[in-house]
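We will go from stop to stop, selecting a few residues each time.

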Amino acid sequence: MVRSLRIGHRRFVLSQGINTIGREPGCHVCLNDVSVSRGHARITIDGDRVILEDLQSKNGTSVMGEPIKGPAVLRDGDEVEFGHVKGWYIVEVSDDPPTTTHL
């Protein structure tokens with residue numbers, strides 16, 4: 001199972017444990033945007049449980065358009081927003097069929 005954040009054309013693979021999100025180059029998910037704090041948020045993965053927490057950022061963190069005030073459970077397909085940077089939390093299972101687009 002692969003868990004990731006999709007932000008724009010970028011895919012950030014998340015690992016078990018703590019994944020930091022912010023403008024700092026040392027963050028697991030580094031977002032170079034003025035609306036994102038240096039240490040903005042963190043996603044903690046503990047087995048099947050995935051928790052998103054805002055780290056008292058200036059512009060906040062939202063899940064599915066709702067600002068979070070405490071730890072929030074993430075589910076596959078959730079829209080997340082760090083400051084003004086929008087993305088999606090995606091879970092891919094190894095036996096997922098390939099996606100085919102018909103034009």
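Start inside, by selecting Leu5, Ile21, Leu31, Ile43, Leu52 and Phe82: of the 22 residues in the largest nonpolar core, these touch the most other members. A nonpolar core here is a set of buried Ala, Val, Leu, Ile, Met, Phe, Trp, Tyr and Cys residues joined through side-chain atoms within 4.5 Å. Buried stands for under 20% relative accessible area, exposed for over 50%, and partly exposed for what lies in between, with a 1.4 Å probe and protein chains only. Now colour β1, β2, β5 (41–46), β6 (49–54), β10 and β11 (85–92), the elements that give two or more residues to this core. Strands (E, at least two residues) and helices (H or I, at least four) are DSSP runs, numbered from the N terminus.

Before moving on, keep in mind that this is a predicted model, where local features need pLDDT of at least 70 and side-chain atom pairs count only at pLDDT 80 or more, while totals for chains, interfaces and linings use all residues. Residues are numbered from 1 along each chain as its sequence is written, and side-chain values use heavy atoms, with hydrogens and water left out.

**Stop two: the six-stranded sheet**

Switch to the cartoon and follow the order β2-β1-β11-β10-β7-β8, in which 6 strands form an open sheet with antiparallel pairing. Two strands count as paired if DSSP finds at least two bridges between them. At the edges you will find β2 (10–14) and β8 (66–67), each of which pairs on one side only.

Zoom in on β1 (residues 2–7), which pairs with β2 in the antiparallel sense over 5 bridges. Show Leu5 and, opposite it in β2, Phe12. The hairpin of these two strands, β1 and β2, has 2 residues between them, and Gly8 there takes a positive phi near 60°.

Stay in β1 and pick Ser4. Is Ser4 buried or exposed? Ser4 has a relative accessible area of 0%, so it counts as buried. Leaving aside residues up to four places away in sequence, Ser4 touches Arg11, Phe12, Val13, Leu14, Trp88, Tyr89, Ile90 and Glu92, where a contact means heavy atoms within 4.5 Å.

Next, select β7 (residues 61–63) and β10 (residues 79–82), antiparallel strands joined by 3 bridges. Ser62 has Glu81 as its bridge partner in β10.

**Stop three: the five-stranded sheet**

Now trace β4-β3-β5-β6-β9, an open sheet of 5 strands with mixed pairing. Its edge strands are β4 (29–30) and β9 (72–73), and each pairs on one side only.

Look along β5 with side chains shown. In a regular strand the side chains alternate between the two faces of the sheet.

On one side, β3 (residues 17–22) pairs with β5 in the antiparallel sense over 5 bridges. Two pairs to display are Ile18 opposite Thr44, and Ile21 with its bridge partner Ala41. β5 is also joined to β6 by 6 bridges, again antiparallel, and here Arg42 stands opposite Glu53. Step to the hairpin of β5 and β6, with 2 residues between the strands, to see Gly47 at a positive phi near 65°.

**Stop four: two loop residues**

Most residues other than glycine have a negative phi. Gln56 sits in the loop between β6 and β7 and is exposed, with a relative accessible area of 78%. Then go to Met64, in the loop between β7 and β8: Met64 is not a glycine either, and its phi is positive at about 55°.

**Last stop: the cysteines**

How many disulfides does the model have? The count is 0, taking a disulfide as a pair of cysteine sulfur atoms within 2.5 Å. Select Cys27, whose nearest cysteine sulfur, in Cys30, is 6.3 Å away. Colour the two by accessibility to finish: Cys27 is buried at 12%, and Cys30 is partly exposed at 22%.
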